[in-house]
Amino acid sequence: MNVPPCVWRVNVDVPEEAKQNLSFSAAERWWEQTDLTKLILSNNKLQSLSEDLGLLPALTVLDIHDNQLTSLPSAIRELENLQKLNISHNKLKMLPEEIANLKNLKGFYLQHNELTCLPEGFEQLSSLEDLDLSNNRLTAVPGSFSSLPNLMRLNLSSNQLKSLPAEISRMKKLKHLDCNSNLLETVPPELAGMESLELLYLRRNKLRFLPEFPSCRLLKELHVGENQIEMLGAEHLKHLNSILVLDLRDNKLKSVPDEITLLQSLERLDLSNNDISSLPYSLGNLHLKFLALEGNPLRTIRREIINKGTQEVLKYLRSKITDDGPRQSDSFPETTAMTLPSESRVNVHAIVTLKILDYSDKQAALIPDEVFDAVKGNVVTSVNFSKNQLQEIPKRIVELKEMVSDVNLSFNKLSLVSLELCMLQKLTFVDLRNNFLHSLPEEMKSLIRLQTINLSFNRFKVLPEVLYDIPALETILISNNQVGSLSPQKIKVMENLMTLDLQNNDLLQVPPELGNCVSLRTLLLDGNPFRVPRAAILTKGTAAILEYLRDRIPA
């Protein structure tokens, strides 16, 4: 099958009716037509494309997925305005070097072809944000990839990669890296410095050990199932402040360290099909929604408890903390407002080695002075006062304003955010979920470095106005509140906002203008009372939701 020549020449040929002396209605005024910008030729049986493709230089979208193409014409170099190119599900063995001319290309979809390598100059696609090379036959990734400065999503899954180049760490905006189903035996240590990384998939490889992630403060999901990992240590866990999902299934782990409790945000933990015989009882203190343990030779938990599900397992583990007496790290009395200084627990080791000021899970109404005194001359970058009974933010937190970047005040009884928090000028991450908050102070706009804020499970009725004025914000988590309205015009101005979680709120309608917020990569709307978009649209993901909303904007 071939594309009719008139398609390629639609911009240059004079329509037949123009040769006749006819009167034209407004819709038929051919001389006022603009050049073709979107061409969709998918799901045909095309075996080649004509060089006449170059006659369509105004194209911004070219979709030719699911055909039988074995090559692309060199005329593709003329499509300098192209922003999205989908040539997935074809039979391409190589790409023409002219592809490097597409300087405005943002989305490039090449999955399910037969590519064994990439052409010289590929790194010149400097506008590229989304690149899918999955299900090809690539054996290596060129180090020059590091010259793709705007790349945010890279899918290399289902290839034949044995290694990744160290230069990959120079992709400062990369948030999503998928290397599932390759032949990786190691991961370059430089990967640990990728500060923007949020999702990392390394399933079905040949990894023998887990990498450390000292700079990946925003990493939310780590998938390393179906490898040959034998050990999980404190050094692997201590930096994963934001982790929500940790997939370790089908490895060779024999134990889980007590430091698993450092992962205060963890919601899903998959340990199935390993060699684990016992679990630390402190695991019961995590607020997990999902814990998979099947396929392990566990001797300390009866099968019927595991069969009852996650919450019963956690409840059992918590009960054993009391029954069997506290471990040394828990052998301090609970601190209340009346506790004597000599009795309170300050983890000096965490301050010195991990730079964490940790006074969490004490059910304390106040943070004792000696907790702050213990900092002394040390540098502290993280503060964890979660799972207490705090009704206000400790005033002495302001003493850390020159250095602290992460603050966790979740699971307390805060009803307002004090000005002390607004003075932490280096703050990039703040967790305030599970409190009694209904507003945020205007002074929070001084937190110009704040990238992530978690306000889930509070009492907000609107998206707090001050959030619109924090330019660096990338992630707003405000699920399980009572939010009934938001301003799409103001959200659109938030150029860095990538994730907006509005699940389980009171939105009666979704403003169509939200579809113009094209920077959003993750928009979660489930559990609201609006009628449209319907569930069928929501399940298709963020891009489909935004497109649906855009189509509903009144002309």
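Mentor: Accessible areas here come from the Shrake-Rupley method with a 1.4 Å probe. The model is a predicted one.

Trainee: What does the accessible surface of the chain come to, and how much of it belongs to carbon and sulfur atoms?

Mentor: The surface comes to about 25900 Å². Carbon and sulfur atoms account for 49% of that area.

Trainee: What makes the chain as compact as a globular protein of its length?

Mentor: First, the content: 10 helices and 20 strands. The globule rule gives 24 Å for 555 residues, and the radius of gyration is 27 Å, which is close to that value, so the chain is as compact as a globular protein of that length. Along the principal axes, the C-alpha trace spans about 100 × 50 × 50 Å.

Trainee: What share of the residues is buried?

Mentor: Buried residues are 50% of the 555 in the chain. The cut-off for that class is under 20% relative accessible area.

Trainee: Why is Asn150 put in its accessibility class?

Mentor: Asn150 has 25% relative accessibility. Asn150 belongs to the loop between strand 5 (130–132) and strand 6 (153–155). Beyond residues up to four places away in sequence, the contacts of Asn150 are Ser126, Ser127, Leu128, Glu129 and Lys173.

Trainee: How far is the C-alpha atom of Asn150 from that of Asp130?

Mentor: The two C-alpha atoms are separated by 8.8 Å, and the residues are 20 apart along the chain.

Trainee: How do you know where the buried residues of helix 10 fall?

Mentor: In helix 10 (residues 542–551), the buried residues are Thr542, Ile545, Leu546, Tyr548 and Leu549. Viewed down the helix axis they fall within an arc of 160°, so they line one face of helix 10. Ala543 and Asp551, on the other side of helix 10, are exposed.

Trainee: What covers the buried residues of helix 10?

Mentor: The cover includes strand 20 (522–524) and helix 9 (535–538).

Trainee: How many positive and negative side chains does the chain have?

Mentor: There are 61 positive and 69 negative side chains, with the centres of the two sets 3 Å apart.

Terms used. Residues numbered from 1 in each chain as written. Predicted model: local features only at pLDDT ≥ 70, side-chain atom pairs only at ≥ 80, totals over all residues. Heavy atoms only, no water. Buried < 20%, exposed > 50% of the residue type's maximum accessible area, 1.4 Å probe, protein only. Helix = DSSP H or I, 4+ residues; strand = E, 2+ residues; numbered from the N terminus. Arc of directions from axis to C-beta. Contact = heavy atoms within 4.5 Å. Rg over C-alpha atoms; globule rule 2.2 N^0.38 Å. Lys, Arg positive; Asp, Glu negative; His and termini not counted. Charge placed at Lys NZ, Arg CZ, Asp CG, Glu CD.
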